[in-house]
Amino acid sequence: MGQDSLTHAFLTALPGGLYYVFYSLLFYLAVRNRHTVKFFRLIISVLGCDFISNWMESLLRSGGFPSQSHSLELLAIAVVRTTLVGFTFVLIDRYHSLLARKEHEQRYQRLFLMTAELKNEIYFMKKNSEEIEQIMGNAYRLYESLSDRQIEPQILDCALAIARDVHEIKKDYLGIIMGLEREINNEYPETEMKFSDLLTILKEVTYSQIDAKHLSIFLDFQCQDDFMTQAHYSLMLILKNLVNNAVEAIEFERRKGRVIITGRKVQDDYMVSVCDDGPGISEKNLPRVFQHGFSTKFDQTTGNIYRGVGLSGVKSVVEERFHGAISVMSQPNVKTEFQIRIPTSSLEEEA
């Protein structure tokens, strides 16, 4: 490209090109497996390859062996370059460690939430199994009652078949429950958790949902009194439902707001509050929010009304599992607050 001939240009650039050839060959011989090489050996290999390759390049350029002073200069250059390479390797390793840790935490959070959902579904399934037991008993009592009367054999056989079929359904139902419990205990054997850690998981998961929907909602978690509990799955079910309801209420109204979650100990009870500044609940609907099947929300895509099992399930867990109480108060377009009172004896394992 310049005024020199192509041959002269090639000979001028050749030593610099051979530097990379020497470096590659030496590095290949020194580090055969980059996945298992130790960091110290890697740094020494980089230093040696850099110095020897530079020394060979200098030899080719000058046509003679480099002087002692020039060799020391090449060594100093190799040390500086190796230091930069080592620092870069450390930064890359730290970055990968952070990514791995973050991925592990996200996996842990997803596993915990999935386990919490399954644990509480199992709780409701066990409640349903009790109802199945009652249905089976009623069917068998009906059969016995009909047997004492002169009823056609076909009707008696039908009543007995109903009792027998319900019994088989119950056995299958219990088998499913046992299988789910076994798998959950094997996959996630965590037996207890701090209340503050539970809030941290809920906060990160909820913010991920808020970010995915491009909402401007601020979450304020205030854990004034911490405790260790084995009831972390049930607590997550309660708080997740209440916080999700608050976020959805703000989303459907104005997509901007604030949700405050507080937990504090009051004498022998633990008080949890979930408050939002969304549209609120009308006075007409307020007495019915805990009824099974009641809901004012609907899917804007399909137009289907939501099932409304969330708050009724929350009330059931608070009252039946924790022997506590839940209440709600609302001022339309000002705030809605759910307050939960749970005896500390139902929660705490260690103070």
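Strand 2 (residues 216–223) pairs with strand 4 (residues 256–266) in the parallel sense over 8 bridges, where pairing requires that DSSP finds at least two bridges between two strands. Helices (H or I, at least four residues) and strands (E, at least two) are DSSP runs, numbered from the N terminus. This is a predicted model, in which local features need pLDDT of at least 70 and side-chain atom pairs count only at pLDDT 80 or more, while totals for chains, interfaces and linings use all residues. Residues are numbered from 1 along each chain as its sequence is written, and side-chain values use heavy atoms, with hydrogens and water left out.

**Strands**
- Phenylalanine 218 has arginine 258 of strand 4 as its bridge partner.
- Strand 4 and strand 5 (residues 269–276) run antiparallel and are joined by 8 bridges, with isoleucine 260 opposite cysteine 275 of strand 5.
- The hairpin of strand 4 and strand 5 has 2 residues between the strands, and glutamine 267 takes a positive phi near 55° there.

**Helix packing**
- The axes (lines fitted to C-alpha atoms, for helices over the stretch in contact, with angles from 0 to 180 degrees between N-to-C directions) of helix 3 (residues 68–147) and helix 6 (residues 232–253) come within 9 Å and cross at roughly 95°.
- Helix 3 and helix 6 are therefore roughly perpendicular to each other, a term that covers angles of 65 to 115 degrees.
- Contact, meaning heavy atoms within 4.5 Å, involves residues including Phe112 and Phe124 of helix 3 and His232 and Tyr233 of helix 6.

**Cavity**
- The largest share of the lining of the largest cavity, 4 residues, comes from helix 3.

Note on methods: Angles under 35 degrees count as roughly parallel, over 145 as roughly antiparallel, 65 to 115 as roughly perpendicular and the rest as oblique.
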